Amino acid sequence: MSFGLSLPEQGTFEAWREAARRAISHHIPPDQIDWTGAQGLFAAAPLPDTEGPHRPQVPSAFVALARSVIWHSSPERFSLLYQALWRLDRADGAPLSQADPLGRRLALLAKNVGRDIHKMHAFVRFREMPATGPRRRFAAWFEPEHNTLEPGSAFFAKRFADMDWIIATPRLTAEFQDGTLRFGPAAPRPTLPDDASESLWATYFANIFNPARIKLDAMRSEMPKKYWKNLPETRLIPEMLQDAEARVQRMRAAGASQARPGAAAISTRYRAAMPKLPDRAPALPETLDQAREAALQCRRCNLCEAATQTVWGSGNVDAALMIVGEQPGDHEDLTGQPFVGPAGQTLKEAMQQAGLSRDQVWLTNAVKHFKFTPRGKQRLHNTPDRGEIEQCRWWLGLELAFIRPKLTLALGASAAFALTGKRDPLAARRGKLEQGLHNGPVLVSWHPAYILRLSDRQQQSRALAELTEDLRRALAILQG
Ligand code: URA
C-alpha cells in the first residue's frame, strides 16, 4: 500500500469524491490506497495534491450508489467504492450489477443505509426544551447504526421547519436553528425532560397496537430492540403484551354490550348506508369518549396503515352546529386535531367574518385518516374514495348521535356524500339545505381547500364570500 488518507466525518461524500478523482486521474490502483488512515502518517504517502491528466466518465447510477454507501459504518466502504470506480473506468465487467459480488456488496450496504435512515425518521423522539426566543425548541438523542444523521436530517428540517431542534448522536450533532441546518461534532448526551410529546407518542403507539393482531416477530423486525431504549412508547410494550389476551376478551365482551338508544337510532341509519361488513357487528359505544377511543383503533379501511393517527372531531360537545370536512391533511395527521393547517386557517377566517368562533362548533371530518401519496419528502393529499367514506360513516354517525347538532355544514363533496348519501355535483347544491341520513338538516358549502386551490383570484374571492355567507346562514338558522 503506498498511499493513505482519512476522510472527515462531515462532508464525507464530497471528500471521498475529490480524493477518488485525484487517485484515478493518476491511475493509482485500488490496492495501493489505504482509505482508513490506519497506517498512520509516516507509513503511507498522501495522494497527489492535484489531478492528473486522466478524466474518467462516471455513470450517474454509480454516483447515486456512492452517495448512499458512503454513510455506511463499514470501514471498507471507501475502498469498495473505489474498486467499483476503477473497474468502471477500465470497463472491467459490470461492477454495479447484482450478478457481480462487488455490485451485490455495494447494493447491500446501500440498502442498510436506506433502512437506517428510514428507522431514524420513524424513531427519533423530540422532547421540548425551554425556549429562549419566539420559536419552540426541541432536542432528541438517537443512536443510528450507520453514519446517517447527515443524510437523514433534511427530512426533519422540512417537517419541523417552524421549530428549532437538535438531534444529538454519538458521532455528530445536527442543529436546526432559524431555518438553517448545521452539523457539529458529537456533544454529550442532552438531559431530556419528560414532556407532552412523550405522552403523544405513547398514545399513538397504544392506539396502533391491536392486541388481537400481535405478531411479535414482525414487531421486532419493524422496531428492532436496539431502538427501544430511546423510545418512550416501548415502555408500554411489556404491559400491553401482558394485557393483550385480556384486552381481546374485553373487546369481545364489549361487542355484546347494549347500545345507548339515542345513539343507535342515528348510527344505525349511517351504518345502513355503509356496504355490508362481513360478519362484523361493531359494538356501539355509549359515550362520545368511548366512540373516540374506539375510533383510535379503527381498521375499517386501509388508510390507517400509512396515516399517523385517527383525527377525531374536536370542539364544543354541546354545539348546535357541526362542521364536517373531508379528511385530515398533513398538519392534522401530525397533530391529531382537525382543521389546523392551511385549509383550517381559511375556514377560521371565514368563521370569524361570519361571527362564529371555533368553540361554538364541533369540527370534524367525513374520513378520519389522512390519505396521501408520498412524493419525495412531501405527502400529497388524495381524495378519499367512496368505500373509504362509507367505512368512516360509522364514526360520523356516532359523532352526530352524541353531539346531536341542530344543523350540519358539509364542506365539499366528500362531506356532502358522507352526510347525505348523494353524489350530485356540488355547484348545484352549495348554499342549499338537504336532508341528512340522520334525518337532520345539512347545509352544503365549498371546502376551504378547494377555495385555496382556485388559481383565478376573482373566483377565489367569490367562493370565499360564499363560504362566509353559508356560515352566516348557518348561524341565522340556529338563532332563528
Ligand atoms: N381538510 C379537511 O377537510 N379537514 C381537515 O381537518 C383539514 C383539511
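Which residues in α15 meet which residues in α16? From α15 come Arg386, Ile389, Glu390, Arg393, Leu396 and Leu400. From α16 come Ser414, Phe417, Ala418 and Leu419. The model is predicted. This briefing covers that helix pair and the ligand site.

**Helix pair**

- Two packed helices are described by the angle between their axes and the distance between the axes.
- Helix α15 spans residues 386–403, and helix α16 spans residues 412–420.
- Their axes lie 9 Å apart, at an angle of about 65 degrees.
- The crossing of α15 past α16 is right-handed.
- Sorted by class, the residues in the contact of α15 with α16 are six nonpolar, one polar and three charged.

**Ligand shell**

- Gly325, Glu326, Gln327, Pro328 and Gly329 are among the residues that surround the ligand.
- The surrounding residues also include Glu332, Pro338, Phe339, Ala343, Asn365 and His447.
- By class, the shell holds four nonpolar, five polar and two charged residues.

**Ligand polar contacts and burial**

- A polar backbone atom of glutamate 326 is 2.7 Å from an oxygen atom of the ligand.
- Phenylalanine 339 has a polar backbone atom 2.8 Å from an oxygen atom of the ligand.
- For glutamine 327, a polar backbone atom is 3.0 Å from a nitrogen atom of the ligand.
- The ligand taken alone exposes 230 Å², and the protein buries 93% of that.

Technical notes. Residues are numbered from 1 along each chain as its sequence is written. This is a predicted model: local features need pLDDT of at least 70, side-chain atom pairs count only at pLDDT 80 or more; totals for chains, interfaces and linings use all residues. Side-chain values use heavy atoms; hydrogens and water are left out. A residue is near a molecule or strand if one of its heavy atoms lies within 4 Å of it. A polar contact is a pair of N or O atoms within 3.5 Å; within protein, one must be able to donate a hydrogen and the other to accept it, and residues adjacent in sequence count only if both atoms are side-chain atoms. Accessible areas come from the Shrake-Rupley method with a 1.4 Å probe; for residues, only the protein chains shown count as cover. Ala, Val, Leu, Ile, Met, Phe, Trp, Tyr, Cys and Pro count as nonpolar, Asp, Glu, Lys and Arg as charged, and the others, Gly among them, as polar. Axes are lines fitted to C-alpha atoms, for helices over the stretch in contact, and angles run from 0 to 180 degrees between N-to-C directions. Helices (H or I, at least four residues) and strands (E, at least two) are DSSP runs, numbered from the N terminus. A crossing is left-handed if the near helix is turned anticlockwise from the far one by less than a right angle, and right-handed if clockwise. Contact means heavy atoms within 4.5 Å.
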